[in-house]
Amino acid sequence: MARKRALVVDDSKSARVILSRMLEKYDIEVDMAESAEQAIEYLNGNRPDAIFMDHLMPGMDGLQAVKAIKSNALTATIPIMMYTSQEGELYVGQARALGAMGVLPKQVRPVDVSKVLYELHLLPDRRDTAEPALAPVEIDGSAIRGSGLAGRPSAANAAIGDVRPPSVDWGRRMEATVKEQSADVRRFIVASLDSFAARIVGDVREIVSTPAMDPLPPVAAPKRPVWPWAAALVAVSAIAATCAALWTLSREELARSRAENAAQAAANVEVQRSSRELATTVKDLTAALAASAATASTASAGGTAGSRLEPVPYGEIPFDRSRLEVLREFLTKLQSQGFHGAVRITSASGLFCLTGNPTDGFAPASATLPAGKCDLIGNPFEDSMTGQQRQSLAFANLIAGVRQRSTGTISVVIDNLGSSRPASPYPQRTEALTAGEWNRAAASNNRVEFAAEPSSP
């Protein structure tokens, strides 16, 4: 069976090397690109079986690259897995909305890599009883030093909670790599010196074992050439210089990786806190809207299902998740009441107070941030989606089967109001206004409405 091929896209050389070594253990050929632009140029003439894409890169970022690859009919079918330090349901939702299969964290364990490779169909089916050609196994410390993975916590340590911080783990891996290279250099030097010594001993033994001949006039003993020792000295000097250069580069790469990890961790903490605050606001608003919808349903004429309103958290596809269940319940109730007419499904977007930039993406601002310091008041996630991207596959299938299940008595109409008709007024902008107060109004306006419109008698 032909070997699978994967493309690793990351501007960090150490990240590319670590992931490529993990993939090669599963007999997967690995090609690497250090930027999104280089990856797209690679895809003009190559078709890998899967792509591992970093998020934060100079120039085009990972999400922009995924969008470009999926918009090209020649590369749209290639599965893409984000390989990044980004975390959280918000980021995973954005990645999947653009076409990525999921997110593989950079602090990854071998078992996580195996699971992802099965999902990408880079490994045989789990039900196949045959052992893979190169299965990951537990090895001792010497083998770990030889493989360049020294410093990783063992399975036993992980089982009892011995989990090292990512920065410490990175530093130890880098130090282990440098020690491995130094050991290889020392072995090379010793082998070279042993080879020269063996040659000299062989020459001496050949001279001693030569049969005695007729006496010759005494002559001056020929001088042994010194070039082998000079060559050995030059080789040792070159190797020492190479080791010093490798050590310097390794320390610089380690310092850079630690700085990137610290900055990314701080950003992740801020985004997660903002997401939790917004989720609490949306939860409270959902309860209020559910009570309002129940009241409207009771007061609707003729005892029909009336109308429903469901909020949509920032970063979610409008026609999916809880809105799918509401629509299914709404249609079931209408059919049981013998409703004849149209069901109008309208999406509207709220204008959120966001922080971030177009390259790295936007997220809801911290609730305590003054509203005047928001980087953007808007909804770029909603604005970037087409009509088909607003619906999940399950939502589209439910709508497609409505007319058939109702024998033509119920039809579905889908509208998009954008931000033109807010359900709740936005607060007046003052110096004391916070992002949390503004986003509460935005969350109530980011909604999907379901309304039953009976046909004329």
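The buried residues of helix α10 are covered by, among others, β6 (307-311), β7 (341-348), α12 (393-400), α13 (402-405), β11 (410-418) and β12 (447-454). Here helices (H or I, at least four residues) and strands (E, at least two) are DSSP runs numbered from the N terminus, and buried means under 20% relative accessible area, exposed over 50% and partly exposed in between (1.4 Å probe, protein chains only). This is a predicted model, in which local features need pLDDT of at least 70 and side-chain atom pairs count only at pLDDT 80 or more, while totals for chains, interfaces and linings use all residues. Residues are numbered from 1 along each chain as its sequence is written, and side-chain values use heavy atoms, with hydrogens and water left out.

**Confidence**
- The average pLDDT (the predictor's confidence in each residue, from 0 to 100) is 77 for the protein, and 73% of the residues score at least 70.
- Residues 127-163 stay under 50 in pLDDT, and the model gives them 36 contacts (heavy atoms within 4.5 Å) beyond four places in sequence.
- Residues 294-304 also have a pLDDT below 50, with 9 contacts beyond near neighbours in sequence.

- Arg323, Leu324, Val326, Leu327, Phe330, Leu331 and Leu334 are the buried residues of α10.
- These residues cover an arc of only 160 degrees around the axis, so they lie on the same side of α10; the arc is that of the directions from the helix axis to the C-beta atoms.
- Gly338, with a positive phi near 70 degrees, follows α10.
- Helix α14 (residues 435-445) has 9 of its 11 residues buried, so it is largely enclosed by the rest of the structure; Trp438 and Asn439 are among them.

**Nonpolar cores**
- The largest nonpolar core has 22 residues, of which Leu23, Phe52, Leu104 and Leu117 touch the most other members; such a core is a set of buried Ala, Val, Leu, Ile, Met, Phe, Trp, Tyr and Cys residues joined through side-chain atoms within 4.5 Å.
- At least two residues of this core come from each of β1 (5-9), α1 (13-24), β3 (50-53), β4 (80-84) and α5 (110-119), and α1 gives the largest share, 5 residues.
- Ala39, Ile51, Tyr91 and Ala100 are included in a second, separate core of 20 residues.

**Cysteines**
- There is 1 disulfide in the structure: Cys353 and Cys374, with sulfur atoms 1.5 Å apart, against a cut-off of within 2.5 Å for a pair of cysteine sulfur atoms.
- This pair links distant parts of the chain, 21 residues apart, with Cys353 in strand β8 (residues 352-357) and Cys374 in the loop between β9 (361-364) and β10 (376-378).
- The disulfide is left-handed, because the torsion about its S-S bond is about -75 degrees.
- Both Cys353 and Cys374 are buried, whereas Cys243 counts as partly exposed at 23% relative accessibility.

**Loop residues to look at**
- His121, in the loop between α5 and α6 (141-147), has a positive phi near 60 degrees without being a glycine, and is exposed at 61% relative accessible area.
- Arg321, in the loop between β6 and α10, is another non-glycine residue with a positive phi, about 55 degrees, and is partly exposed at 49%.
- Glu431, in the loop between β11 and α14, is exposed at 81%; Glu431 and Gly372 are 59 residues apart in sequence and 6.9 Å apart in space, C-alpha to C-alpha.
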